[in-house]
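Biologist: Could you take me through this model before I set up my own calculations?

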Amino acid sequence: MKKNVKIIAPIFIFLALLYIIIASRPLSAEIQFLPVWTIDLESYIKSGQAEVEAADFENAVSFKMGQNLGYFTPDGKILTYITFPYKASISDNSYTLYGMSSEEMQICSPANKTLGTIKVMGFPYFTENRKFIFLPGGSSFSKLRDDGSVEWTYEGFTPITAFSSSGTGTVAGFADGSVVSFDNEGNIAQQYNPGGSNYEVILGAAISESSRYIATLSGQEGQRFVISKKTSADYGAHTSIVFYKSMSEELNRQVLIKFSKDEKKVFYSNAKGIGIVNCKNFKNKEIPIKGRILSILESGSENEIFVLSKEGKTYTVSTIESFDAFAGSFSFDAESACIAVKDNSLFVGRDGKISRIDIIHR
């Protein structure tokens, strides 16, 4: 008996060690938020601005909170701070101020230098390095050049209810349930109707960076989220619906939809929070988030998504890691708020204060 034990024991020990070696996995790095600085805009301006150099504007980050907008550097230097009376549109490389019936609108750089003039009445929309203006009546829009002149115009007859652009194209959704996408020269690339509802209306739309995919949330009494795929490079190409999901709870307002930069995921706000669809296997996941989603931003490393939502006067910033895992959130009360991302830093603005939070993995 003792002889058998002496033989069997080493075998069991060897098998146990082998199992530990095979089954063991390195612990994944956890996301951590490192507060870096917080600046009070009013106090900063009153105390005297730091000397601004031309190179500072090359990495400028834009913000808009309430009736204030401006630019700052990642290290906390305020470059521009403006209070505007009515409306404004801003991106990281330009901004414009306008009223209800402005006949001319100046396009300004972060350094407050005039870049051009918009001589068309309407409502400007600036995003990244692209500029558009929605024309009076709400059914037409123009794409603008950097100097404010009109590059091309689409004239429709039905109110535009959703709009999005990427580096290669633009998509508009309409109150009659139709979706029209355009290339950068203004040619119609796709035109279709997601359908599936008793009352068809496009509440949200997004176009991927390559214009290969379009995602929409549409309809009432049969609301659904749809992803369509362009099947050829020809203008007016056929559109194939590759994913759709019926909503168990419906929204009756405009919603935010956004593709990841690599087009592997698409995020859409819904009645429960945020939905995420994997564009490779078309699996859907929903993450509960309270309130109305205002912003969806991707980190510089493309490993995290930051979501700004609002319920009453409470704003919440939620973090989604690896595109489908809820990593945490924090909330604060404010009259106005915004978020921005530069590289692996998250910037949170609330009521005249801006904070930088670095994202690290340990």
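Predicted model: local features only at pLDDT ≥ 70, side-chain atom pairs only at ≥ 80, totals over all residues.

Biologist: Fine. How many helices and strands does the chain have?

Modeller: The secondary structure consists of two helices and 31 strands.

Biologist: And what share of the residues is buried?

Modeller: Of the 362 residues in the chain, 48% are buried. The chain exposes about 18300 Å², and carbon and sulfur atoms supply 51% of that area.

Biologist: Which elements give two or more residues to its lining?

Modeller: Those elements are strand 2 (61-65), strand 29 (337-342) and strand 30 (345-350). The lining residues include S62, F63 and F72, as well as C338, I339 and A340. F347, V348, G349 and I354 are also part of the lining.

Biologist: How does that lining divide into nonpolar, polar and charged residues?

Modeller: Eight of the lining residues are nonpolar, two are polar and no residue is charged.

Biologist: Now S142. Is that residue buried or exposed?

Modeller: S142 lies in strand 11 (residues 140-144) and has a relative accessible area of 2%. S142 counts as buried because that value is under the 20% cut-off.

Biologist: What does its side chain pair with?

Modeller: The side chains of S142 and T153 are joined by a polar contact of 2.7 Å. Beyond its neighbours within four places in sequence, S142 is in contact with K131, F132, I133, L135, V150, W152 and T153.

Biologist: And D358, where is that one?

Modeller: D358 is in strand 31 (residues 353-361). At 15% relative accessibility, D358 is counted as buried.

Biologist: Which side chain does the side chain of D358 make a polar contact with?

Modeller: The partner is the side chain of R356, at 2.9 Å. Residues up to four places away in sequence aside, D358 touches Q32, F33, L34, V36, N344 and S345.

Biologist: I also marked I293. What surrounds it?

Modeller: I293 belongs to strand 25 (residues 292-298) and is buried, with a relative accessible area of 8%. Not counting residues up to four places away in sequence, I293 touches L256, S269, G273, I274, V307, L308 and S309.

Biologist: How far is the C-alpha atom of I293 from that of K310?

Modeller: Those C-alpha atoms are separated by 6.6 Å, with the two residues 17 apart along the chain.

Biologist: Last topic, backbone angles. What is the phi of E221?

Modeller: Phi of E221 is near 60°, a positive value in a residue other than glycine. E221 sits in the loop between strand 18 (213-220) and strand 19 (224-230), and its relative accessibility of 47% makes E221 partly exposed.

Biologist: And what about D351?

Modeller: D351 has a positive phi of about 45°, although D351 is not a glycine. D351 is found in the loop between strand 30 and strand 31.

How values were computed: Residues numbered from 1 in each chain as written. Heavy atoms only, no water. 1 Å grid on protein atoms, 1.4 Å probe; cavity = no way out; pocket = protein on both sides within 12 Å on 5 of 7 lines; lining within 4 Å. Helix = DSSP H or I, 4+ residues; strand = E, 2+ residues; numbered from the N terminus. Nonpolar A, V, L, I, M, F, W, Y, C, P; charged D, E, K, R; others polar. Buried < 20%, exposed > 50% of the residue type's maximum accessible area, 1.4 Å probe, protein only. Polar contact = N/O pair within 3.5 Å; in protein donor to acceptor, adjacent residues only side chain to side chain. Contact = heavy atoms within 4.5 Å. Areas by Shrake-Rupley, 256 points an atom, 1.4 Å probe, with all protein chains shown as cover.
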